[in-house]
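Here are my notes for your next look at the model.

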Amino acid sequence: MLQDHGTTEANARTVARASEALAELLDRPLPAGLYLVATPIGNLADISLRALAVLSRAPLIAAEDTRHSRKLLSHYNISAELTPYHEHNAARERPKLLARIEAGYAVALISDAGTPLVSDPGYKLVREALDAGLMVTSIPGPSAALAALTSAGLPTDSFLFGGFLPPKSGPRQARLTALKDTPATLIFFETAPRLAKSLADMNAVLGPREAVIARELTKLHETLHRGTLDALAGEIEAQPVKGEVAVVIAPPRAEEGQVDDARLTADLEAALETMSFRDAVRAVTDAHGVKRARVYELGLSLTKRDRS
């Protein structure tokens, strides 16, 4: 679509104003302290003006992967000193970073992508900086967890970010079991090789809740796969994906964690008057949104009681 002259002029004014705002930020001194700077999760255009201003003025940038972060900095012609800060060297590097701040320098902390400290190292650095009375400030911006949540079409009024689940099935199911009655939308990160098995465990523990798999967020090939956990597990097993993804899962139905066995048993008894055992179990399971195994066991107890 061709742009008319008025649109071109409006765009030019927007560019000019953004440039003025960035120039104003760059002219201000950067006080000593620890700056937690959110960086793009894929699209380099998502960086904020404040983030650019801090990274341009900070004498030292601590990055999870300096090779990865250098691409972003080079794109915006930022030539600050880079130093690695990740889970394997944090204990050694943390005192050095704190010493730089205590000496009057500004230190920026960035992760590979998104907001620092969200499934990334940095908590202990922030904690020790605060304990030492040093300034800590966050420069907000991109977050894969929030991007996935807001794109999923699932409830956003209450949510729980669970980070990466344990890599092995047993601990993973135990973690999911601890969260299954949480009255909130759940958000997890996962790697492609583990995704199919994780989805299977999610379905086994949480049931066929509505869910969304978000991958390549903000990038050219951004995709969101919507469906129930059981359906998504089958799709991913048949056609694996690449890269890291976010999985967003709907909260439990209102009655799922509240309905008691007495209510289920009463409904089963009523259903069994007109239905087969199998159909009665299915009807009660669907009506209350509970696990079929739970209703099935109650049904067996009923039939045993009736025989005795």
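**Notes on the predicted model**

1. Helix H11 (residues 277-288) has 12 residues and, at 1.5 Å a residue, should span 16 Å; its end C-alpha atoms lie 17 Å apart, which agrees. The expected span is 1.5 Å times one less than the number of residues. Helices (H or I, at least four residues) and strands (E, at least two) are DSSP runs, numbered from the N terminus.

2. A word on the basis: this is a predicted model, in which local features need pLDDT of at least 70 and side-chain atom pairs count only at pLDDT 80 or more, while totals for chains, interfaces and linings use all residues. Residues are numbered from 1 along each chain as its sequence is written, and side-chain values use heavy atoms, with hydrogens and water left out.

3. Which residues of H11 are buried? They are Ala-280, Val-281, Val-284, Thr-285 and His-288; buried means under 20% relative accessible area, exposed over 50%, and partly exposed in between (1.4 Å probe, protein chains only). Seen down the axis of H11, these buried residues fall within an arc of 130°, so they line one face of the helix. That arc is taken from the directions from the helix axis to the C-beta atoms. On the other side of H11, Arg-278, Asp-286 and Ala-287 are exposed. Just after H11, Gly-289 takes a positive phi of about 65°.

4. The largest nonpolar core has 21 residues, and Phe-188, Leu-195, Leu-199, Met-202, Leu-206 and Ile-249 touch the most other members. Such a core is a set of buried Ala, Val, Leu, Ile, Met, Phe, Trp, Tyr and Cys residues joined through side-chain atoms within 4.5 Å. Among the elements giving two or more residues to this core are helix H7 (169-179), strand E7 (185-191) and helix H8 (192-206). H8 gives the most, with 6 residues.

5. A search of the whole structure finds 3 aromatic pairs; rings of Phe, Tyr and Trp (its six-membered ring) pair if their centres lie within 6.5 Å, with planes under 30 degrees apart counted as stacked, over 60 as edge-to-face and the rest as tilted. Phe-161 and Phe-189 are edge-to-face, at 4.9 Å centre to centre and 70° between the planes. Phe-161 lies in strand E6 (residues 159-164) and Phe-189 in strand E7, so this pair ties together parts 28 residues apart in sequence. Phe-189 is buried, with a relative accessible area of 13%.
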